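My notes follow in the order I made them.

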Amino acid sequence: MSVVGPVLVDGRPVAPEEACIGVFDVGFQRGYGCFEAMRAYGGRIFRRDEHLERLARSAAALDLPLPDRAVLADWCDRTAAAGDVVVRLFVSGGTDPHRPGTDGRIVVYAEAVPEVPDVLRLDPRPAPWHPDGTRSELTGAKVLSYGHHLAATLAARRRGFDDALLVGRSGAVLEGPTFSIGWITGPRISTPSLDLGILASITRSAVLEVAPRVGFEVVEVVAGLEAVEDADEVFVMSTVKEVRGVVAVGETSFAPGPGTRRLAAAFGELVAAETGR
């Protein structure tokens with residue numbers, strides 16, 4: 001990770017090597033808190049307001065107070081001024097597990113956009129910890145406790161893949177550890193339904209918005225791995241990865257296709273129109 005510029009801790013600039021939160025914060029001790037990752041192009045954040053709206057929903061689920069939306073937007077814009085970067089915003093749970101937000105901290109910083117492979121190889125991994133259609137207090141919230149997600153990624157990489165594709169207890173295909181998944185069959189794009197408890201990805205929403213413009217019908221589905229394996233093309237969507245083709249899901253191979261390229265181009269045009277990139 002390469003931090004670009006200062007880190008803002010509750011809006012105060014701090015040198016990256018000096019930025020910290022306390023060891024008694026429940027964000028550190030229990031993963032209790034929420035976060036957002038936003039992409040800035042030429043210093044302007046793509047769909048910043050949608051990210052902050054999702055942050056507000058996550059914080060409400062955790063009963064964590066937030067500053068005024070305009071204050072958060074200003075902190076994000078200040079860090080985004082570094083240029084083409086990923087802006088990360090973290091809200092810690094505070095020091096009292098019985099009173100969320102007590103002495104909590106909000107950290108915002110920019111980091112250089114990491115290198116991402118042009119195409120990905122995904123390892124289907126069981127995710128018994130995922131909601132997979134059930135509901136709980138934090139279903140749909142973007143919370144700090146991503147340990148299961150990271151463990152799935154590391155397990156996939158040990159097997160020679162780029163990342164994991166999470167499959168629920170029911171057998172439904174869900175999402176990646178840090179990305180949404182979609183697949184193309186003829187003129188149709190399928191993607192797992194939000195009813196499964198997957199993250200309401202900002203990039204996913206934007207891609208599904210532009211898909212009809214380039215000739216696709218979009219359906220949200222509950223489907224097993226065989227539906228993905230039978231597809232013509234498979235692709236991922238995320239803030240960092242944007243739209244990337246998938247060339248393998250387990251032992252099933254795919255060729256990078258024209259549908260994914262059309263989607264990626266349409267998404268790029270949308271980003272350019274909204275950010276002036």
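**Entry 1: the sheet**

In what order do the strands of the open sheet lie, and is the pairing parallel or antiparallel? I read the order as E2-E1-E6-E5-E3-E4, six strands with antiparallel pairing. I note here that the model is predicted. At the edges I found strand E2 (12–14) and strand E4 (44–45), each of which pairs on one side only.

I then looked at what packs on the sheet. Helix H2, residues 48–62, does so, and I listed its contacts as strand E3 (33–41), E4 and strand E5 (85–92). The direction of H2 makes about 175° with that of E3.

Next I checked the pairing of E1 with E6. Strand E1 covers residues 3–9 and strand E6 covers residues 106–112; they run antiparallel and are joined by four bridges. I found Val3 opposite Glu111 of E6.

**Entry 2: the domains**

I looked up how the chain is divided. The assignment gives domain 1 as 3–112 and domain 2 as 119–275. I noted 25 Å between the C-alpha centres of the two domains.

**Entry 3: the cavity**

How many cavities of 30 Å³ or more does a search of the whole structure find? The search finds one. I noted about 60 Å³ of space in this largest cavity.

I listed its lining as Arg39, Tyr41, Phe46, His51, Ile202, Thr203, Ser238, Thr239 and Phe267. E3 and helix H5 (202–210) are the elements that give two or more residues to this lining. By class I have four nonpolar residues, four polar and one charged.

I turned to the second largest pocket, which holds about 210 Å³ of space. I noted 14 lining residues, and those closest to the centre of the pocket are Arg57, Thr139, Gly140, Ala141 and Ala200. The lining has six nonpolar residues, four polar and four charged.

Which domains supply the lining of this second largest pocket? I found at least three residues from each of domain 1 and domain 2.

Key
Residues numbered from 1 in each chain as written. Predicted model: local features only at pLDDT ≥ 70, side-chain atom pairs only at ≥ 80, totals over all residues. Heavy atoms only, no water. 1 Å grid on protein atoms, 1.4 Å probe; cavity = no way out; pocket = protein on both sides within 12 Å on 5 of 7 lines; lining within 4 Å. Points joined across faces, edges and corners; volume = space filled by probe spheres on them. Nonpolar A, V, L, I, M, F, W, Y, C, P; charged D, E, K, R; others polar. Domains from an automatic or database assignment. Pairing = 2+ DSSP bridges. Contact = heavy atoms within 4.5 Å. Axes fitted to C-alpha atoms, helices over the stretch in contact; angles between N-to-C directions.
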